[in-house]
Amino acid sequence: MVNITNPQTSDSADTSQADVTIRLDNVSRVFGSTRAVDRLSFSVRRGEVFGFIGPNGAGKTTSMRILSTLDTPTAGHAWVDGFSVVDDPDRVRKRLGWMPDGFGTYSFVNCEEYLDFFARSYGLKANDRRNALKRVMSFTQLDGMANKPIKGLSKGMKQRLCLGRTLIHDPSVLILDEPAAGLDPRARIELREMITALAADGKTLLVSSHILTELAEMVDRVGIIEQGQLLAVGTVDEILNRKSVDDNGEVEQTKSRIQLQLLDADPRVATMLQQNEWVSEIRVVGREIKFQFAGDQEQQAGLLKALIDNECRIVEFASQRKSLEDAFLSVTKGRVQ
Amino acid sequence: MSELSPKKPADVELVQIPGSSLTATPSSIGHRFRDWISDFFSSIMVKEARQALKSYQFFVTYTIVILTVAIWTGLMFFGDSNNFSQTNWEDVSKNLFYGYCVILGVPLCIIVPFSAFRSLAREYEDGTIQLISITTMKPYQIVLGKLSTAMLQMVIYLSVIAPCIALTYMLEGISYPLIGITLLIAVGGSIFLTILGLLLAGASRSYALGMGISVFFVLGLGLLYLGWWTLLNEIVDGYGFNANDIASDEGQVTTYGFTAFLGSVALVMLTAAAAQISFDSDNRSTPIRIALLIQLTLFLAMLVMIAALIRRPEPLFGMSLFAGHFWLVVGCMLVSEKPGLSDRVQRSLPKTWLGRSFFSLLMPGPGRGYLFAIGCLLASILASLTIGICSDWFPILPTRNFYGGPAQVSLSTLVLVSAVTSIYPLFYLSIVYLWMSFLRKYTRLQSTGALGPFIGLLSGFLIVTTISLVAYSLWVNFEKPYGNSYYYSNNPSFSGCFNWYIAIGSIGNDVFNGGGNLLGDLPYFLPFLTIAIPTTILASLLAIRDLRYQPTAAPVRVVEEIERNQAERHAKPALPEGESIDEIFGALPDKKQADE
């Protein structure tokens, strides 16, 4: 008998992280001279919705393809539900549903036949297949469209069908690449609700999207990727409150934007604001004043009290929090490969 | 599947799509039966059959075939209506059969293989192959699904022609063995071309490449279709191709040999087509090598058949020569495989000494590929040599020479022929193996993926051609074999000894012209042997290093799942997958429920 060694993969995917469903460990993918993914590491817990955002060409789709067992990493390891995507693709595929950016379609096939084909391809037989079709078509609200040819479907309907195909074998992990791209607002809302329902059902979701406002409302955590590298990862709040480092290497204070509406124009307000140590970038347009505020909420309340105590006639004092888009823009530099 | 229900947003009412109740629930016995029976077929076949039934292409082709058959039948029967009573029905029968086969050739030789090619190529172009490949379907199931769809089409086209062919038999112009053989050639050829199409489709990774391959493939199919016409002429006219020819000993050997060769090549192509779809870490090599082993077994069976039926030594030499060329070509591709073994493959490596001794050569890797190829080559040559030697001992074995007289093949001739047919391909293959090892080390050859075997084949072709041409030039310059006439001398020489064909020519000349002085020729090969033997030993030593490997254990998570699945399997009663007949037909919704 020869000695049998335990592969590194078995140690890495240790059971102490049983709650982790998706895990990437220093994954890199190189195409010729282009490093599409560069030492990417993150993990997604069971039942979590993880948003994956980054500019075009950042490496999102490549990472998702690796997780979906369509590509192999040049270096590093990735696991889905504890199984290596490289060494156990068959086991991963049973657990995983992948919804690509583009929509793979067949001519002369209707919605029901399309889903039926994939149900058969996943090995579902007779009753199991019929039940799966029924549930999926009901969930995606395509049950009235069963006999409609795919070619005649709207973009939103196609996305539903694509999601239906992804769900046909009841995967526990879903990887959705730009599911909301090209959808109208109503279709986006419906898709968001479906994703929320899937998360409530205990499924783990990795969702990439360019529509950050949509993503912010449905995800538990976000990862921001650029040039193949993960720049930030955490909850949306954590990302928003993240102190960024400027080009000189100094830590920038997190700022919020405040909009002040006065009953009538009052030059004293601008003067008072200029004297406040937390205020910067003051812009006065008639009765409206906008400025950046670096202090916390208590200091914000103190500023408002000071203005009122000085008999400034304030109609509106609105603190606008940074959005995910702001965070995205501040974290990324818009560089593409 | 767990119950899913999209949560309705509080502030937005979801669009309720009007329509009938879900059609996924079959409401009739017929529907349920179709659904149940379709479970026995490939999902790809079911989908493509549905597509074909709705497509114009299939409808148009099918209609054209029916119309053409009808027109041809009408022309043959009523074309010469003035002399209807004096019609030679035997000739009519032959002409009808010829025409039907020409018509049948279009779908079987062109449409079906090209449709299969396009079907798989389109999956690559549209990206749907990715959607299929991440299902639980295995790559070979995908390829077999495409093949079964093509075979279904063949059956449909044959069903149009079958009654007409029966008519030609009834008119007594053509015998049923010839009808059977013709249809077998048509269907077998169509299956072979379909598999070739599926293999080529795997290389169509981009639209441009796919179109380029499409053009060449359809042109090739067109040429083969012309060849089919020629073959039909031979069949119908009975010149050089009739039932008696096939029934003879030589005919049987040729037929079985040709069929076995094409069948085994089809098997290798099928495994290669599946390998193209498979995942990077999959073991792509072992199925191909098993198919090659089947090919080797058929080759050995053919040797025995030649010995038993033809009983002449020359075909054995021909088979040895064929084996030399074949394993050189296959070897060039095998030595170009990726050198590393994925963890997945390492898990499946034989763990016992016995297992390693027998199965290591079936595992992926250039070194193992080299050893596998030379092992198969030597097995073929040695089998041929053994049968030749045994001919002196057993009366059923080769006893006649080329001219029908008693065998005059000496042991030294047999050994020398075997040596020439094995040492040259061994040498060339060793050079290719060393060259590919060099390329792997100093270039980015490893990242060429599926192109690797083609690079190996091209390298092999260039290396063998260069060595042969240089040797040929030297031979022509120094030996002046043509002298002052167009007849060249076959005398062995130092200068031409690196050229395999010059060596074969000189040995063959001695064998077929009274034996000659074969042992006396040996010194002329010394320069070649001085280089070939060390080169082969060096390549073999390098390749043997690949046999050392470290099997790995399955990860804990995998072992856990296997154990859990086994426990579940033992706990469950052995029911068929899916459902029972009672479940299919017993639980139909009542009319009221269906109406609701």
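Buried means under 20% relative accessible area, exposed means over 50%, and partly exposed lies in between (1.4 Å probe, protein chains only). The model is predicted, so local features need pLDDT of at least 70 and side-chain atom pairs count only at pLDDT 80 or more, while totals for chains, interfaces and linings use all residues. Residues are numbered from 1 along each chain as its sequence is written, chains are lettered from A and ligands numbered from 1 in the order in which they are written, and side-chain values use heavy atoms, with hydrogens and water left out.

**Exercise 1. A sheet in chain A**

Task: Find which strands stand at the edges of the sheet of 4 strands in chain A.

Solution. 
Step 1. Write the order. The sheet is open, its order is β12-β13-β11-β14 (chain A), and the pairing is antiparallel. Two strands pair if DSSP finds at least two bridges between them.
Step 2. Identify the edges. β12 (279–285) and β14 (314–320) of chain A each have a single partner strand, so one side of each lacks a neighbour in the sheet. From one strand to the next, the twist averages 15 degrees.
Step 3. Check one pair. β12(A) and β13 (residues 288–293) of chain A are joined by 5 bridges in the antiparallel sense. Among the bridge partners, A:V284 goes with A:I289, and A:R283 with A:K290. The hairpin of these strands has 2 residues between them, and A:G286 takes a positive phi near 65 degrees there.

**Exercise 2. Two helices in chain A**

Task: State how α4 (residues 111–121) and α6 (residues 155–167) of chain A pack.

Solution. 
Step 1. Take the geometry. Axes are lines fitted to C-alpha atoms, for helices over the stretch in contact, and angles run from 0 to 180 degrees between N-to-C directions. The angle between α4(A) and α6(A) is about 25 degrees, and their axes are 9 Å apart.
Step 2. Name the arrangement. Angles under 35 degrees count as roughly parallel, over 145 as roughly antiparallel, 65 to 115 as roughly perpendicular and the rest as oblique. α4(A) and α6(A) are therefore roughly parallel to each other.
Step 3. List the contact (heavy atoms within 4.5 Å). α4(A) contributes A:C111, A:Y114, A:L115 and A:F118, and α6(A) contributes A:L161, A:G164 and A:R165.

**Exercise 3. A glycine in chain B**

Task: Decide whether B:G496 is buried or exposed.

Solution. 
Step 1. B:G496 lies in the loop between α17 (452–479) and α18 (500–512) of chain B.
Step 2. B:G496 has a relative accessible area of 1%, so B:G496 is buried.
Step 3. Leaving out residues up to four places away in sequence, B:G496 touches B:A471, B:W475 and B:I502.
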